[in-house]
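Here is a short tour of two ligand sites. Have the viewer open and follow along as the residues come up.

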Amino acid sequence: MHQFVVKDFEQWRVTARQLRVAEVPPDEVQFLSEHEPGLFATSTPLTELIPAAEVAADFRVPKEFLQLATDVGYHRDAHRWELLYRVLWRLTTNEPKLLQLATDDDVQRLLMMQKAVSRDAHKMKAFVRFREVIQDDQPHFVAWHRPDHRIVRKVAPFFSRRFKAMHWTILTPDESVSWDQHQLNYFDGVDRSAAPTSDQLEELWRTYYANIFNPARIKIKAMKAEMPVRHWATLPEASIIDDILQAAPQRVQAMLQRSEGFATSARDFFPTSPATSLIALAEAAQRCRACDLCCHATQVVFGQGPQSARIVIVGEQPGDQEDLVGAPFVGPAGQVLDQALASAGLDRNELYITNAVKHFKFEQTGTRRLHKRPDAREIRACRPWFEEEWSQSQAAVLICLGATAATALIAPGFRLQQQRGLWVTSKFCKHTLATWHPSSILRLQDEKHRAARFEELVMDLRCARATASSI
Ligand code: URA
Ligand code: SF4
């Protein structure tokens, strides 16, 4: 029996080719994965088996086999290399059409493995969630993921295309990968099976991994002192990914069917239980990845307020402060809103306040994050969250602040300048009204103009209050 320790597909390919040329039959070969080698496993030197001259000899394998073998190479099954060699042998001896025999046990196993790898790759594309960590004044995006198979190298190029202009790192138990805007670098996995929470991930990054990428900062002693299990020992059993998968099998399925890997509707992330509360909804939204905004923002900012609220107020999207705090309308626009609510005699605690888009969209200029309007695709992707918020609430009045909310929830052609303050019937509510967004008031330079607009906002809110209490 000849033994070979194989580290990846390329190494298997070279070895298998030479073995095939030397006509070594499959039952005389044992392939061991580099990751799970038997004790004392050593490779038989190929030169012992094959006279050099013969290596040049050739044989053909169907193109589909190469693709199949490449994919199966990412599978975790310890016997994959042997299985591949057996199929290669059969294909190149007397069964050239073997791959068309889907009923053949070997072929069937390979196809199932290929499918599992492809599904796992889609899952990774959809669920990797980056957390921004500032390192040497530069943002670095770090994510943790636990794939079922050894697919990091299969999927990494996708992330390098998608997040080309970012520095990012994906840590996994098997192997980790980093993108420095030019190339992908692979390094050791995080040798634990539990998943760090977002905060623990950041700490782990700062105390250990950041050093790996900055040789000037390596402090071996500090690393040794920091690395021990203390960051990991207290982690919950279930990983983030397991939670998602258990909670949402059919949504995962729906996502896997999308070729891009990124879902396009927030509905894919809804809680599975039909009796959902606003709290469960807010919790589920934390995991939403239905559009790209989640990759850059700090956290989702879901609506806040009692389920029994009579009035629902919808803004555009969280701003800088909201993004950091995790609550709607707590920054400068929030202050204007608070003043207007007070002037209108409304108690904020009795309202449900939310946004059309739940993640902050911004453009980084130096250290500042400047608000950017969400585009139609993002608004559409996020809309199901509002639809569900609305159907969970018992409100009788819906107020849209600004054009984004009004066009998203009332009608695409809604003209705020002309229709502000008028009651309209929307798909959601018979008593819907759009009014000025507090940020638009803040933006006005002219003081008189600003005061007038603020008064209009107050008037509209007062009107909403009267309507809500009369129905
Ligand atoms: N602007 C909004 O539209 N929503 C917020 O939550 C904050 C500012
Ligand atoms: Fe999901 Fe909305 Fe965030 Fe996009 S903005 S990821 S749709 S919550």
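What follows covers the basis of the model, each ligand in turn, and the cavities.

## Basis of the model

This is a predicted model, in which local features need pLDDT of at least 70 and side-chain atom pairs count only at pLDDT 80 or more, while totals for chains, interfaces and linings use all residues. Residues are numbered from 1 along each chain as its sequence is written, chains are lettered from A and ligands numbered from 1 in the order in which they are written, and side-chain values use heavy atoms, with hydrogens and water left out.

## Around ligand 1

Let us begin with the shell of ligand 1, made up of Gly315, Glu316, Gln317, Pro318, Gly319, Glu322, Pro328, Phe329, Ala333, Asn355 and His437 (a residue counts if one of its heavy atoms lies within 4 Å). By class, this shell holds four nonpolar, five polar and two charged residues (Ala, Val, Leu, Ile, Met, Phe, Trp, Tyr, Cys and Pro are nonpolar; Asp, Glu, Lys and Arg are charged; the others, Gly among them, are polar).

The side chain of Asn355 places an N or O atom 2.7 Å from a nitrogen atom of ligand 1. An oxygen atom of the ligand is 2.9 Å from a polar backbone atom of Phe329, and an oxygen atom is 2.7 Å from an N or O atom in the side chain of His437. The protein covers 94% of the 230 Å² of accessible area that ligand 1 has on its own (Shrake-Rupley method, 1.4 Å probe).

## Around ligand 2

## The cavities

How many cavities of 30 Å³ or more does a search of the whole structure find? There are three (a cavity is a set of points, on a 1 Å grid over the protein atoms alone, where a 1.4 Å probe fits but cannot get out; lining residues have an atom within 4 Å of a point). The largest cavity holds about 90 Å³ of space, a volume being the space filled by probe spheres set on the points, which are joined across faces, edges and corners.

Ligand 2 takes up the space of this largest cavity (more than half of a molecule's atoms must lie within 2 Å of the grid points). Its lining has 13 residues, with Cys288, Ala290, Cys291, His359 and Cys382 nearest the centre.

Methods:
A polar contact is a pair of N or O atoms within 3.5 Å; within protein, one must be able to donate a hydrogen and the other to accept it, and residues adjacent in sequence count only if both atoms are side-chain atoms. On a 1 Å grid over the protein atoms alone, a cavity is a set of points where a 1.4 Å probe fits but cannot get out, and a pocket is an open set with protein on both sides within 12 Å along at least five of seven lines; lining residues have an atom within 4 Å of a point.
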